[in-house]
Amino acid sequence: MFQLGKTIVSEDIIEKDFVCNLSACKGACCIDGDAGAPLDKEEVNILEEIYPKVKPYLRKEGIEAIETQGTSIVTAFGDLETPLIDGADCAYVIFDEKNTALCAIEEAYNQGDVTWKKPVSCHLYPIRVKEYSEFSGVNYDRWEICDDACSLGKELQVPIYKFVKEALIRKFGEDWYAELEKVAQGFNK
């Protein structure tokens, strides 16, 4: 671990390789597990605001889940998350012709209907950020469904921090990312 400003960062994001391999995993991270995507407080308001523009992209089951549970939920632990369909798929999941899970929010973004790409936790994956009172923990979330992404990343020699560069800049800013790159260069010597 090392410190960058008000973050404590796992060396794994520099040392481990990763490139999403949707053709292999079919977007399993959006449909496996037992929780929705973590959300920031600001994102709850954004989801409420953009829902009418995202709704046309959603599946019937997603619309039902959102209209029953809300555009976001608060868990028993007080965490904010996206709602789920029957405790499984994220309510914002859609599928392409190859049955690959995609994000309806991101599709609306790609089509120019909204200006917000998707929750930052999704954009950052496989990095997870845990907020503490004095700092943020920035960690690699190792999940076996992403083994193909690890293999592809290793083959292409793309470390995690480079794969999620845009998301890290979105979350922490350009200066923070520039400092991260300096630390990474020191690791590679």
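**Buried positions and helix packing in a predicted model**

Asparagine 21 lies in the loop between H1 and helix H2 (22-25), where helices (H or I, at least four residues) and strands (E, at least two) are DSSP runs numbered from the N terminus. The structure is a predicted model, in which local features need pLDDT of at least 70, side-chain atom pairs count only at pLDDT 80 or more, and totals for chains, interfaces and linings use all residues. Residues are numbered from 1 along each chain as its sequence is written, and side-chain values use heavy atoms, with hydrogens and water left out.

With a relative accessible area of 18%, asparagine 21 is buried; here buried means under 20% relative accessible area, exposed over 50%, and partly exposed in between (1.4 Å probe, protein chains only). When residues up to four places away in sequence are not counted, asparagine 21 touches Asp148, Ala149 and Leu152, a contact being defined by heavy atoms within 4.5 Å. Although asparagine 21 and leucine 152 are 131 residues apart along the chain, their C-alpha atoms are separated by 7.0 Å.

Ala149 and Leu152 also belong to the buried residues of helix H7 (residues 147-156), which are Ala149, Cys150, Leu152 and Gly153. These residues cover an arc of only 165° around the axis, which puts them on the same side of H7; the arc is that of the directions from the helix axis to the C-beta atoms. An α-helix has 3.6 residues a turn, so residues three or four places apart point the same way. On the other side of H7, Lys154 and Glu155 are exposed, whereas the buried residues of H7 pack against strand E10 (136-140). After H7 comes glutamine 157, with a positive phi near 55°.

Serine 10 is found in the loop between strand E2 (7-9) and helix H1 (12-15), and is buried, with a relative accessible area of 8%. Neighbours within four places in sequence left aside, the residues in contact with serine 10 are Met1, Phe2, Val138, Asn139 and Tyr140.

In helix H9 (residues 165-172), which contains leucine 168, the buried residues are Ala167, Leu168, Ile169 and Phe172. The cover over the buried residues of H9 includes E2, helix H6 (120-124), strand E9 (127-131), E10, helix H8 (160-163) and helix H10 (174-187). Leucine 168 itself is buried, with a relative accessible area of 0%, and, residues up to four places away in sequence not being counted, touches Leu124, Ile127, Tyr161, Gly173, Trp176, Tyr177 and Leu180. Leucine 168 and tryptophan 143, which are 25 residues apart in sequence, lie 20 Å apart in space, C-alpha to C-alpha. Glycine 173, which follows H9, has a positive phi, near 100°.

As for the chain as a whole, there are ten helices and ten strands, and of the 189 residues 43% count as buried. The radius of gyration, taken over C-alpha atoms, is compared with a globule rule of 2.2 Å times the number of residues to the power 0.38; for 189 residues a compact globule would have a value near 16 Å, and the 17 Å of the chain agrees with this. Along its principal axes the C-alpha trace spans about 50 × 40 × 30 Å. Among contacts with a separation of 6 or more, 66% are accounted for by residues 24 or more positions apart.
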